[in-house]
Amino acid sequence: MSDIPYKIYLEEKEMPSAWYNVRADMKNKPAPLINPATLKPMGFEELRGVFCDELVKQELDDVTPYFEIPDEIRSFYRMYRPSPLVRAYCLEKELDTPAKIYYKFEGNNTSGSHKLNSAIAQAYYAKKQGLKGVTTETGAGQWGTALSMACAYLGLDCKVYMVKVSYEQKPFRREVMRTYGAAVTPSPSDTTNIGRKILADFPGTTGSLGCAISEAVEAATSTEGYRYVLGSVLSQVLLHQSVIGLECKAAMDKYGIKPDMIIGCAGGGSNLGGLISPFMGEKLRGEADYQFIAVEPASCPSLTRGKFAYDFCDTGNVCPMAKMYTLGSRFIPSPNHAGGLRYHGMSGVVSQLYHDGYLEARAVEQTSVFEAATRFARIEGILPAPESSHAIKVAIDEALKCKETGEEKTILFGLTGTGYFDMVAYEQYNNGTMTDYIPSDEDLQIGFSQIPEVK
């Protein structure tokens, strides 16, 4: 194995030509999106008023294993894909572990994260449909940055509703979006009916992804020639993000590497789902076995402490309802929460796989996350996004366990992006002012009480 390079780059011809749909291999399919008024599954005609037609087809299809990637999207991907698979030799040495640690680095593009993989796909289908523009929400700003870049490339208008606390904490991420031509509004805002209602109900709120989604959907459905696009959670997004796992698996197969465990941060599920998809497919088909670990923040613990139920995907209750692990659509993370991964629910695909026991979940506190991020930056030379650093934290924990037991496990984790626009959070950590917050059962019950009863 000594001939394995420090960074494994696939050739352009080895870049995936099709996205992989893990739902096709799932025995228990994710529950369908339902109409909150009728509580009936939503079909093409109902969903196309919110989403682009082709994306609705992808969302509803849980039997087709592969979707061909259009040439125009593959051409865009060539600007930054295939992305490198890196052996963390320096980290292994620092930890004095027999474990082999690899990470798939998705920060080597202007948007700084994996989000661009789906942003260009969704923008492409909107353009192909002849739409004027799209609306969306963004939390930490990675998705909004990626979508604004994709829309600029294709000549689409882009309206972004950014969670207010992030809008204020991350002005440079905001300005990148504006540089690409996007209109960026802090959410909740007074520009929509739902935003005004949320401000009235929660004076002084710092916002949430659920709030921003509600505003973006209202803006899209009330403006002719626009559709709403989402950066995570939906099955279509996990489909596009499967390029991460497909490239990763191709690179590992090329050198005869098989990971024992695969670790990803989990907010809405896009990066985790994309990373694990082809490996999970093998596990579902009985061809191989892996340990999958989803890592989420202790202050927003949808998998580890949430309820598996139908819930609204947004705070304003205007979106379809999804069956997922949820903290309740009215849940708003603590204002001290700086590490991203702020969504109240989890992808239906990831939720179903977790519910069926195919993956495990861990919740970690943000000071330990930033400790791991700082350690990684000093050793490996990349300043990681706070979201990615949740995976780094658990990867280090597992590598240290190998040191104790002497096991030579191979660990793979997703490094979803860089943290250069997250310096306010790093400043808080470096100044010693960052604190941890773990919601009490009573805190979570407030959100749970708002989850509707769906039989």
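A crossing is called right-handed if the near helix is turned clockwise from the far one by less than a right angle, and left-handed if anticlockwise. The legends below refer to a predicted model.

**Figure 1. Helix α11 crosses helix α12.** In this close-up, α11 passes α12 in a right-handed crossing. The two axes come within 6 Å and cross at roughly 55°, and α11 and α12 are therefore oblique to each other. On the α11 side the contact includes Val-237, Leu-238, Gln-241, Ser-242, Ile-244 and Gly-245, together with Leu-246, Cys-248, Lys-249 and Met-252. On the α12 side, Ser-270, Gly-273, Gly-274, Leu-275, Ser-277, Pro-278, Phe-279 and Glu-282 take part. Sorted by class, the contact of α11 with α12 has 9 nonpolar, 7 polar and 2 charged residues. Helix α12 covers residues 270-284.

**Figure 2. Helix α5 packs on helix α11.** Helix α5 spans residues 116-128 and helix α11 spans residues 235-254. Their axes lie 8 Å apart, at an angle of about 125°; α5 and α11 are therefore oblique to each other. The crossing of α5 with α11 is right-handed. From α5, the residues in contact are Asn-117, Ser-118, Ala-121 and Gln-122. These meet Gln-236, Val-237, His-240, Gln-241, Val-243 and Ile-244 of α11. The contact of α5 with α11 holds 4 nonpolar and 6 polar residues, with no charged ones.

**Figure 3. Helix α6 runs beside helix α8.** Residues 142-154 form α6 and residues 171-179 form α8. The axes of α6 and α8 come within 8 Å and cross at roughly 15°, so these helices are roughly parallel to each other. The crossing of α6 and α8 is left-handed. Gln-142, Gly-144, Thr-145 and Ser-148 of α6 are in contact with Arg-173, Val-176 and Met-177 of α8. By class, 2 nonpolar, 4 polar and 1 charged residues make up the contact of α6 with α8.

**Figure 4. Aromatic pairs.** The model has 16 aromatic pairs, counting rings with centres within 6.5 Å. One of them joins Tyr-77 and Tyr-80, with ring centres 6.2 Å apart and planes at 85°, so the pair is edge-to-face. Tyr-77 is buried at 1% relative accessibility, and Tyr-80 is buried at 6%. Phe-376 and Phe-413 form another edge-to-face pair, 6.2 Å centre to centre and with 75° between the planes. This pair links distant parts of the chain, with Phe-376 in helix α15 (residues 366-380) and Phe-413 in strand β15 (residues 410-415), 37 residues apart. Phe-376 is buried at 0% relative accessible area, and Phe-413 is likewise buried at 0%. Ring pairs also join Phe-76, Tyr-77, Tyr-80 and Tyr-153 into a cluster.

Figure 5. Ile-411 is in strand β15 and is buried, with 0% relative accessibility. Neighbours within four places in sequence left aside, Ile-411 is in contact with Ala-99, Lys-100, Ile-101, Tyr-102, Met-261, Ile-263, Ala-395, Glu-398 and Ala-399. The C-alpha atoms of Ile-411 and Ile-69 are separated by 29 Å, and these residues are 342 residues apart along the chain. Asp-53 belongs to helix α2 (residues 53-60). The relative accessible area of Asp-53 is 17%, so this residue counts as buried, the limit being under 20%. Residues up to four places away in sequence not counted, Asp-53 touches Phe-44, Arg-48 and Gln-129.

**Figure 6. Backbone details in loops.** A cis peptide bond joins Arg-81 and Pro-82, with omega about -5°. Pro-82 lies in the loop between α3 (71-77) and β4 (85-87). Ser-187 and Pro-188 are also joined by a cis peptide bond, with omega about 5°. Pro-188 sits in the loop between β8 (183-187) and α9 (193-201). Leu-39, a residue other than glycine, has a positive phi near 60°. Leu-39 is in the loop between β2 (18-20) and α1 (44-47) and is partly exposed, with a relative accessible area of 39%. For Val-233, phi is positive and near 70°. Val-233 is found in the loop between β9 (226-228) and α11 and is buried, with a relative accessible area of 9%.

Technical notes:
Residues are numbered from 1 along each chain as its sequence is written. This is a predicted model: local features need pLDDT of at least 70, side-chain atom pairs count only at pLDDT 80 or more; totals for chains, interfaces and linings use all residues. Side-chain values use heavy atoms; hydrogens and water are left out. Axes are lines fitted to C-alpha atoms, for helices over the stretch in contact, and angles run from 0 to 180 degrees between N-to-C directions. Helices (H or I, at least four residues) and strands (E, at least two) are DSSP runs, numbered from the N terminus. Angles under 35 degrees count as roughly parallel, over 145 as roughly antiparallel, 65 to 115 as roughly perpendicular and the rest as oblique. Contact means heavy atoms within 4.5 Å. Ala, Val, Leu, Ile, Met, Phe, Trp, Tyr, Cys and Pro count as nonpolar, Asp, Glu, Lys and Arg as charged, and the others, Gly among them, as polar. Rings of Phe, Tyr and Trp (its six-membered ring) pair if their centres lie within 6.5 Å; planes under 30 degrees apart count as stacked, over 60 as edge-to-face and the rest as tilted. Buried means under 20% relative accessible area, exposed over 50%, partly exposed in between (1.4 Å probe, protein chains only).
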